Amino acid sequence: LVDAVRIHDLDIDAPPDAVDVKGRTFLGYPRLELRYEDLLRSYYSGPRGVVVSAKLDLADAVTGSRVDFTRAALSVDFHRGFFDRRIDYQHVLHLGVDLSWMEGRGGDDVPLFERAYLGGPRTFPGFAYRRLGPRQGKTPVGGEGAVYGAVDYSFPLFRPELRGFGVFEWGDIEPSFSKISTGSFRTAAGGGVMIRLKIGPQYLPATLYWVQALSSERGDREQLFSFTVGLGF
């Protein structure tokens, strides 16, 4: 993978980790990815089956990267359908867990734009976007170690285009993976509505979340309501 990141026009109260990467940073690194997937898909009710993914990134001066770091990620997702032979009308149980570890090498720190973040409807509903975990002042700066897990159950509401769901989540994000502790796990629970419209060839998905944080740490920003809207092509 190749990327060039440019950071400029920082505020005078910008966090030190942002100041450290001010200017242009070139990243070039190979990625090794192993993936196992056994899925039956439905646009309305989601997939059924198992997905396991493992990734390893090695950024080094030899590969043209300005900073040296190693990063690994593992994710496992299991989806099971119930109660109806029609896949679009099934109740679905999903169990998922994601692990992320990274570390700088040769005296380099992992730049904040390459770190892990949690918070927001796609990564940890119940908390504001990227506002869970390490920060400098009031600014989130991400972590080099993270764990996140979710259990959710969805079901049709009269028609396949409209589904309700309940969710329970847990996780932690820290400056390093070794600092992750069950004592600092955040948890959240709630539910919401998934809307999956299809107008001709165009897919219009939206998800509304009402999720309450059950446990949090000082500095985390909780958020009861959040949503996502997208276009599927």
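The side chains of Arg186 and Asp220 meet in a salt bridge, with 2.8 Å from N to O. A salt bridge here is a side-chain nitrogen of Lys or Arg within 4 Å of a carboxyl oxygen of Asp or Glu. The pair links distant parts of the chain, 34 residues apart. Arg186 is in strand S12, and Asp220 is in the loop between S13 and strand S14 (222–223). Helices (H or I, at least four residues) and strands (E, at least two) are DSSP runs, numbered from the N terminus. Both Arg186 and Asp220 are buried. Buried means under 20% relative accessible area, exposed means over 50%, and partly exposed lies in between (1.4 Å probe, protein chains only).

The model is predicted: local features need pLDDT of at least 70, side-chain atom pairs count only at pLDDT 80 or more, and totals for chains, interfaces and linings use all residues. Residues are numbered from 1 along each chain as its sequence is written, and side-chain values use heavy atoms, with hydrogens and water left out.

The secondary structure comes to one helix and 15 strands. The C-alpha trace spans about 55 × 35 × 35 Å along its principal axes. Of the 233 residues in the chain, 40% are buried. The chain exposes about 13000 Å², and carbon and sulfur atoms supply 58% of this area. Accessible areas come from the Shrake-Rupley method with a 1.4 Å probe; for residues, only the protein chains shown count as cover. Contact means heavy atoms within 4.5 Å. Among contacts between residues at least 6 apart in sequence, 57% join residues at least 24 apart.

Eleven salt bridges are found in a search of the whole structure. One of them joins the side chains of Arg115 and Asp17, at 2.8 Å from N to O. This pair also links distant parts of the chain, 98 residues apart. Asp17 belongs to helix H1 (residues 16–19), whereas Arg115 is in the loop between S6 and strand S7 (126–127). Asp17 is buried, as is Arg115. Arg115 counts as buried because its relative accessible area is 14%. The Arg115 side chain also reaches the backbone oxygen of Val141 at 3.0 Å. This is a polar contact, a pair of N or O atoms within 3.5 Å; within protein, one must be able to donate a hydrogen and the other to accept it, and residues adjacent in sequence count only if both atoms are side-chain atoms. With neighbours within four places in sequence left aside, Arg115 is in contact with Asp17, Met102, Val110, Val141, Gly142, Gly143 and Glu144.

A further salt bridge joins the side chains of Arg71 and Glu114, at 2.8 Å from N to O. Arg71 is in strand S5 and Glu114 is in the loop between S6 and S7, 43 residues apart. Arg71 is buried, with a relative accessible area of 12%. Glu114 counts as buried at 10%. Salt bridges that share partners join Arg31, Asp57, Arg71 and Glu114 into one network.

In soluble globular proteins, nonpolar side chains tend to be buried together. The largest nonpolar core has 23 residues. A nonpolar core is a set of buried Ala, Val, Leu, Ile, Met, Phe, Trp, Tyr and Cys residues joined through side-chain atoms within 4.5 Å. Phe69, Leu118, Phe124, Phe127, Leu132 and Ile173 have the most contacts inside the largest core. Strand S10 (145–157), S11, S12 and strand S13 (202–215) are the elements that give two or more residues to this core. A second, separate core has seven residues, among them Val5, Ile7, Val21 and Val141. Leu132 touches Leu118, Phe124, Phe127 and Ile173, and also Arg186 and Asp220, not counting residues up to four places away in sequence.

Ala150 is in strand S10 and is buried, with a relative accessible area of 8%. Beyond four places in sequence, Ala150 is in contact with His94, Leu95, Gly96, Phe168, Glu169 and Trp170.

Strand S5 (69–82) and strand S6 (91–104) each supply at least two residues of the patch. Phe177 lies in the loop between strand S11 (159–174) and strand S12 (186–199). Phe177 is partly exposed, with a relative accessible area of 33%.
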